[in-house]
Amino acid sequence: MGQRIHFVVDPQGWCCMGLIIFVWLYNTIFIPKVILFPHYEEGNISVVAVLCYYFCSLFCIASLFRASVADPGKLPENPKIPITERERWELCYKCNMMRPKRSHHCSRCGHCVRRMDHHCPWINNCVGEDNHWLFLQLCFYTQILSSYTLILDFCHYYYFLPLKKENWDMFVFRHELALLRISAFMGLIILGGISRLFYTQLMGIFTDTTSIEKMSNCCEDISRPRKPWQQTFSEVFGTHWKILWFIPFRQRQPLRVPYHFANHV
């Protein structure tokens with residue numbers, strides 16, 4: 001991923017992203033206050049459980065902000081086309097600019113994006129070649145955080161020992177059941193939606209096909225050799241080191257793709 005900051009002026013996207021941040025803030029504030037800290041003080045859970053929750057929360061919000069402001073692969077106004085790659089470029093009839101094949105013009109952003117997968121209002125940004133790895137991390141950590149929250153909600157009522165209710169905040173004490181029901185409801189909705197999205201994203205990487213290519217049916221299996229899954233994931237995340245696929249606090253370095261693996265669509 002490059003150093004450029006990409007900011008999309010879209011009120012709908014701001015509302016969607018604001019909703020995601022609200023859900024994250026709600027669970028990050030109330031789950032520790034209602035479940036983690038009280039049970040830790042009474043010895044029902046260890047400090048590892050508290051730290052794991054905050055680590056998941058940190059990785060989730062970090063991948064969200066980085067995917068939102070990262071340049072997805074916007075093409076410059078006057079791109080320099082290498083002589084050896086001219087046959088792999090085409091003209092965009094919407095912005096009258098040359099672009100690499102597998103690029104797509106985003107009508108909401110108003111420009112072409114390299115290997116664009118889709119425009120996601122929940123991050124208020126396109127998902128393209130340079131930020132696809134961050135979007136995958138966002139889906140992954142959102143699933144973990146939602147699942148962890150649901151497990152804590154369940155254990156609070158059906159597994160952990162009852163709390164003594166001493167030195168509790170009065171608002172939390174009076175509205176404990178409502179707070180946890182809201183948390184469980186949001187967790188179920190987000191987990192269900194994000195799990196389906198994450199599955200389609202993984203299948204797209206396994207088959208080296210973007211969401212736009214699937215919808216347009218312009219990508220045939222016989223049009224290119226099938227890549228190993230390690231190769232396609234390494235190209236998305238910009239590294240062959242699998243441990244780095246899970247870390248959002250780094251810079252992505254594009255991998256060179258052999259010409260015989262190029263997808264001519």
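User: How many salt bridges does a search of the whole structure find? Please examine the salt bridges in detail.

Analyst: The model is a predicted one, and a search of the whole structure finds 8 salt bridges. As background, side chains of opposite charge can pair when their charged atoms come close. The setting is a protein chain with 7 helices and 6 strands, in which buried residues make up 48% of the 265 residues.

One of the salt bridges joins the side chains of Asp-208 and Arg-115, at 2.8 Å from N to O. Asp-208 lies in the loop between α5 and α6, and Arg-115 in the loop between β4 and β5, so the pair ties together parts that are 93 residues apart in sequence. Asp-208 counts as buried because its relative accessibility is 4%, under the cut-off of 20%. Arg-115, at 18%, likewise counts as buried. Both residues belong to a network of salt bridges that also links Arg-102 and Glu-213.

A further salt bridge is formed by Arg-252 and Asp-130, whose closest N and O atoms are 3.4 Å apart. This pair links distant parts of the chain, 122 residues apart: Arg-252 is in the segment after α7, and Asp-130 is in the loop between β6 and α3. Arg-252 is buried at 4% relative accessibility, and Asp-130 is buried at 7%.

The side chains of Arg-99 and Glu-90 also meet in a salt bridge, at 3.4 Å from N to O. Here Arg-99 is buried, with a relative accessible area of 14%, whereas Glu-90 is partly exposed, at 23%.

Key: Residues are numbered from 1 along each chain as its sequence is written. This is a predicted model: local features need pLDDT of at least 70, side-chain atom pairs count only at pLDDT 80 or more; totals for chains, interfaces and linings use all residues. Side-chain values use heavy atoms; hydrogens and water are left out. Helices (H or I, at least four residues) and strands (E, at least two) are DSSP runs, numbered from the N terminus. Buried means under 20% relative accessible area, exposed over 50%, partly exposed in between (1.4 Å probe, protein chains only). A salt bridge is a side-chain nitrogen of Lys or Arg within 4 Å of a carboxyl oxygen of Asp or Glu.
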